[in-house]
Structure formats: C-alpha cells, structure tokens
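Hello,

Here is the structure I said I would pass on. My notes on it follow below.

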Amino acid sequence: MSKYADLLKLPDARGHFGKYGGRFVSETLSFALEQLDEQYRRLSADPDFQAEFDRDLALYVGRPSPLYPAERWSQHLGGAQIWLKREDLNHTGAHKVNNTIGQALLAKYSGKPRVIAETGAGQHGVATATVAARLGLKCQVYMGADDVQRQSPNVYRMKLLGAEVIPVESGSKTLKDAMNEALRDWVTNVDDTFYIIGTVAGPHPYPQLVRDFNAVAGREARRQSLEQIGRLPDALIACVGGGSNALGLFHPFLTDDEVAMYGVEAGGDGLETGRHAAPLNAGRPGVLHGNRTYLMEDAAGQIIETHSISAGLDYPGVGPEHSYLKDIGRVQYEVATDKEVMEAFQDLCYFEGIIPALESSHALAYAKKLAQTMKPDQHLVVNLSGRGDKDIMTVAAMQGISL
Amino acid sequence: MSRIQKTFAQLKKEGRKALIPFVTAGDPAPEQTVAIMHALVEAGADILELGVPFSDPMADGPVIQKACERALKKGTTTLDVFQLVTEFRKKDQTTPVVLMGYLNPIEALGYDTFVKAAAMAGIDGVLVVDLPPEEAEEFADLLKGQEMDSVFLLAPTTTLERARKIAAAGSGYLYYVSLKGVTGSATLDIPAVAEKLNEFAGITDLPLAVGFGIRDGQTARALAEVSDGVIVGSALVSQIAELADQPEKIVPRLQEVLGEMRQALDA
C-alpha cells in the first residue's frame, strides 16, 4: 500500500489540507460557500452530472488530449524520454477549460444567470467566456490593468465571446488584484452570481473542485502512460502558479509512490533578486483569498508584488494542497528563471514544432534540466498546459522584435 | 466587565445608541492618528474602530482600500498600530478601542505576540474580517485569556442557525453588515435591515451594531432605532482622503461629520 494513501482523503470536511486551506472569508460569503459545498458534494456523486461533464469534455473540449513523445527534443537532450500531455490542444488552448466546463455546469444547476471570473494571462477568462457563451450566461471577467496590456489578444477573444472585461487598477494591477475585485463583486451580487475561480486556490470548496475537474488530465495521462510506455512514468513535471494544471496531472498519481513529481514555480529574474513569483520556494505560510497557504509577503504580513515573464504565474499565493504536498515532501518544488523559460520555449518551437505557453515553458525548462540527468529508458511526463499563441508579443519584445 | 460591556450598559441606561466611527490607523499618516482618535471621541464617539492596514483588503470598497494604501505608503505596521493606541490611552482610559483588519498581518506577527501586544496597548476587542468563527477558535481563546472581546460579523446572508453559533463565539458586540457588498457601498434598504436585526436580536443578548453604507445622520438615526449602535467608516475616511494634503483640516472636518451623526442619534 502507498505511504501516501491518506492524501486521497483530503481535504477534510472543512477544506483543510493539514494546516493549509480552510475558508477564510468575510461572513457574507459563508452561506454561498456552504451552499456550493453542499451542491458539489451532491453533484460529484451524481452519475448524470459526471456523464454530462464527460460528454462536454469529449465533444466540446476534444478530450482525451494526446500524450505525445517529444522524440527529437529528447534525443537532442540525450537523457530521459520526454512526453507532453497536450492540454494545449484543448478547445481554447489550455487546461483551464476542464475546470470552467465543470464550474459552468455547477452554475447551471444552481440556476444563477451570471458568472464572474478573475484572470491573469487571460486563459481562464477566455475559458470562462467560452462556456458562458455556450450556456447563455452573462459573463464579466476581472483582469489586472497591467495584464490587459500584456495579454491584449486574449482580451479581444473574451470580448468576441460576449464577455465584458473589467480592468482592475488597484494594487499591483495583476492577478491577485483581479481576484480581490472578483471577490468584491461576488460579495455584492452573491444571490445571482456564480464565481468561477480559475485555480486550486480560494476558499473551500474551490481548491477541491477545481482540482477534481482538472484531474481528468492526470487520469488520462496515467492510462496513456500504461498503454504507450507500458508502465508509469518516472516523473511528472508541471508549472505552478496557483497550481491547477499541476494538481490536475499529479492527483491521480499521488499514491503511485514510484512516480516523482516536480512543480515548477516562476523564478523571474532569479530567487536571489527577489523578483519572482515563487511562494513555495521563497515565501512562508499566511492567509490570502480565503485559504491558508504559502505566500509572498513582507515581514509585516503585507502581500508583495511578484514578477514573472508569464502573466499566468504572476500570483503571490499557491493552492493550499501544494503547500501541504511540499511540507510532506510528496512533490518537489523547483523554479525556472525567465531566461531558462525563454530557452525552453524556443527549444520546443525548434525541435517539436509546438509553440508552448510561457507558463508551460517553466515546466519544460525544468524538464530540460532533469531529463539530462536521466537515462534514455526513463520517462518524464510534462504537462504542456497551454499553447503559446497568446505570448508571441511578449516573446517578440524579449527578442527586440516589433511585430 | 469589559470596557465595551460597560459602554453598552451605560448607553442602555441613558437610552442612547452607540456611535462607532472607523478610521484606518496611519491614514493619512501615523502622526495624525492619535489626534484623530481623540477628536472622534470629543465629537461623540462611544467606541473607536481602528483599521489595521492590509495590502489586499478584500471586503472593502475603494475608499478604505485607498486608506490602506496611504497608511502602508507611510510604513504603518501592526506594531505601529499598538504604539498609536498606547499613545491614545495616555489621555483616554475609558473609550473602548476595537481593531479591525485582516488575518495575514496578524499571522505574520503570530497570534500570541499579537494578542499580548494588543492587551498591553489597551485594546479592547478585535474583529478579523476574514476569520469566521469556524477558523477562529485558537485566536478567540487567546483574546479571551487577555480579557479582550472577539467581535464577529453577521451578514444579510447569515442564517439564524449560523447566527447562533457566531453569537456563541463572539463577545462585546456583534457587527451586522447591513448590505451585500463591500464597505462604502450604495443605498441601504432600511426595512430589510430592520427585519434582519429583529431576527438576530431574538437569538442573542450581545449588543448589535450596524455598519456598511451609513453616510448621513438620517440613515444613522433610522438604523439606530433598530439596533444598539451604528458604525460609520467610509463616510469619514472619504473626508480624510479629500484632505490628505491639508492634514490640519482633517480633525475639524471629521468632528463636523461625526457631530452631525451624534446629534441625529440623540435627537
């Protein structure tokens, strides 16, 4: 039996992963969260709900996504065989849609006509706008004003899909401020609004349900590994901002003790510079956005600004389950710097003909390092969580090219 | 009997309602705070709520968000807030002071350190916006150990069953959030607030104070009739914002605004 068997029982009834998680919200939201918890418990055990979710994933998202052997890149690196879980091939171009399909179904069953979301890179905003359009729900997306600038293609996509994008000018004008503003909206419009949180953070039951909806990727990858490799992989690698693509991949493997797991945080300019977004590597536990988790904060407990080349990882917190997995040592958390990320991004374009998202390129950057320490008969599965079309302006700017 | 209990008992005896102003400590600068506190008491405050600045005040509207930003820009820390209250207590040993803030700066200090320092400074109660009773046990016990009150929120969405649990965990008074929204939000539906307050009054002996969205004497008066006191925050903080560059005008302006509310309450 796995020494990690108890992990599958988490969170507990109050949303705790060890000392992490929980429900740290102002009183107005307590009732809505209790209702959501109750609704989710009921529906997640309901075969009809699961069937509807699976059907949407198959026919609308295009699942299962392939597990692709990056042979040329692996050969070039001369180490382990790297496999890419192609979440970039999902409808809307990232793993985010797995979760929004699930939460939109919850919204539909709850009868609320309006959904809101926060977004960083815009992928979750696009995925929310997409499912809202399909279900005829009114959709407003909060996005940090700085992110609106650096992710303009996604802003336009959301508008095309009928959503309203609300730039957030407060604080650092990035993802955390978008989440503050979405929470303020929700507290005001809690009767008719469903808040579709985009990552495994927020108050209970969000970390749990976002993980569960994303775990389809891990279940597929596990099955595909057995079919295509003939055994489980030696290691899994995924980038971690809030950490939903990582938990989606990791969770179905947690009790496979022989499978090592690596979460890769945004190292920005390098941990030593302080300009990064790596709370698990350089932060400490605190409470933000409804849960206890590792945070980037100053000595007085104020949240500090983060830095990452990728808007989707530019967040000072991380899902509480990751904090727990770090503390017990089940998952190892590493960093990749902006520079390493750019190199991995270019590698994948050059060797495999795939333009990866800058977020996913963090996982690729660590895979590149790790693979080189391993043997050719070993196997790594990397979550290629999103495609990089949205990032071409950022990459061009880094290369000094104006499009 | 705690200072907060004494205050409400005395008000009850006199047939008056509590007027509870809120300002953010360190706004517009820490040097102003103690003078502002004394001025509010002079203008008729019965209890003071002092905001502890936080970088991500999720339950607050733009007015108090900006107050936090101004205070943080001046470097106001939680330890500074204790220092300010200590200073205030040199001249005023009777007016209860309740700290209102978010959990993370408290966690950063450590519950134990926070609670001991708060007690030493002469603080009477603490309201942590994002610490509901389910998560508050340890913190509330520590406060109790130092004879400080745990003030909890009730909201329009709070069921009676939940309100009973909250009332059992709380002490001093309960803070009823008058509307679904953030601080400083728009118009209040007074009959709806009254109805909810009546329900809650039936399940607790703790005083009920109402806050969020009280801007003028008329609203304050209407809500005081159905509660034990009113909390006024954004209406004062917006005056501070307006006068941040002319700090000498802040005290008279706050006294004017709060004075009107006091008059309306006592009329």
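**A:Ile116 and its surroundings**

Setting aside neighbours within four places in sequence, A:Ile116 is in contact with A:Gln140, A:Tyr142, A:Ala182, A:Asp185, A:Trp186, A:Thr193 and A:Tyr195. Please keep in mind that this is a predicted model. A:Ile116 belongs to strand E5 of chain A, residues 114-119. It counts as buried because 25 C-beta neighbours lie inside 10 Å, where 20 or more are needed. A:Pro153 is 37 residues away from A:Ile116 along the chain, and the C-alpha atoms of the two are separated by 20 Å.

**Backbone points in chain A**

Two cis peptide bonds come next. One joins A:Arg63 and A:Pro64, with omega at about 0°. A:Pro64 sits in the loop between helix H2 (47-61) and strand E3 (67-69) of chain A. Another cis peptide bond joins A:His204 and A:Pro205, with omega at about 15°. The loop that holds A:Pro205 runs between strand E8 (193-195) and helix H9 (206-228) of chain A.

A:His289 is not a glycine, yet its phi is positive, at about 50°. This residue lies in the loop between strand E12 (284-288) and strand E13 (291-295) of chain A. A:His289 is buried, as 28 other C-beta atoms lie within 10 Å.

**The sheet of chain B**

In chain B, nine strands form an open sheet with parallel pairing, in the order E5-E4-E3-E2-E1-E9-E8-E7-E6. Strand E5 (149-150) and strand E6 (152-154) of chain B are at the edges; each has a single partner strand, so one side of each has no neighbour in the sheet.

Strand E1 (residues 18-24) of chain B pairs with strand E9 (residues 229-232) of chain B in the parallel sense, over four bridges. Within this pair, B:Leu19 stands opposite B:Val230.

Strand E4 (residues 125-128) of chain B is buried on both faces: B:Gly125 and B:Leu127 point one way, B:Val126 and B:Val128 point the other way, and all are buried. Four bridges join E4(B) to strand E3 (residues 97-101) of chain B, and the two run parallel. B:Gly125 is the bridge partner of B:Val98 there. E4(B) also pairs with E5(B) in the parallel sense, over two bridges, and B:Gly125 stands opposite B:Asp149 in E5(B). Together with H7(B), E4(B) and E5(B) make a right-handed β-α-β unit.

Which residues of H1(B) are buried? They are B:Arg3, B:Ile4, B:Thr7 and B:Phe8. These residues cover an arc of only 135° around the axis, which puts them on the same side of H1(B). B:Ala9 and B:Lys13 are exposed on the other side of H1(B). The cover over the buried residues of H1(B) includes E1, E4 and E5 of chain B. Helix H1 of chain B covers residues 3-14; at 1.5 Å a residue its twelve residues should span 16 Å, and the 17 Å between its end C-alpha atoms agrees. Just after H1(B), B:Gly15 takes a positive phi of about 70°.

Helix H9 (residues 190-201) of chain B has twelve residues and reaches 16 Å from its first C-alpha to its last, close to the expected 16 Å. Its buried residues are B:Val193, B:Lys196, B:Leu197 and B:Phe200. They lie on the same side of H9(B), because they cover an arc of only 100° around the axis. An α-helix has 3.6 residues a turn, so residues three or four places apart point the same way. On the other side of H9(B), B:Pro191, B:Glu195 and B:Asn198 are exposed. The buried residues of H9(B) pack against E6, helix H8 (160-169), strand E7 (174-177), strand E8 (208-211) and helix H10 (217-224) of chain B.

B:Phe212 lies in the loop between E8 and H10 of chain B. Its phi is near 85°, a positive value in a residue other than glycine. With 26 C-beta neighbours inside 10 Å, B:Phe212 counts as buried.

**Where the chains touch**

The contact takes 29 residues from chain A and 33 residues from chain B. On the side of chain B that touches chain A, the elements that give two or more residues are helix H3 (62-73), helix H5 (103-109), helix H7 (133-145) and E6 of chain B. H5(B) gives the most, with six residues. By class, this side of chain B has 16 nonpolar, ten polar and seven charged residues.

Regards

Technical notes: Residues are numbered from 1 along each chain as its sequence is written. Chains are lettered from A and ligands numbered from 1 in the order in which they are written. This is a predicted model: local features need pLDDT of at least 70, side-chain atom pairs count only at pLDDT 80 or more; totals for chains, interfaces and linings use all residues. Two strands pair if DSSP finds at least two bridges between them. Two residues are in contact if their C-beta atoms, placed from the backbone, lie within 7 Å. Ala, Val, Leu, Ile, Met, Phe, Trp, Tyr, Cys and Pro count as nonpolar, Asp, Glu, Lys and Arg as charged, and the others, Gly among them, as polar. A residue is buried if 20 or more other C-beta atoms lie within 10 Å of its own, exposed if 12 or fewer, and partly exposed in between; C-beta atoms are placed from the backbone. A crossover is right-handed if, with the strands pointing away from the viewer, the path from the first strand over the helix to the second runs clockwise. The expected span of a helix is 1.5 Å times one less than its number of residues. The arc is that of the directions from the helix axis to the C-beta atoms.
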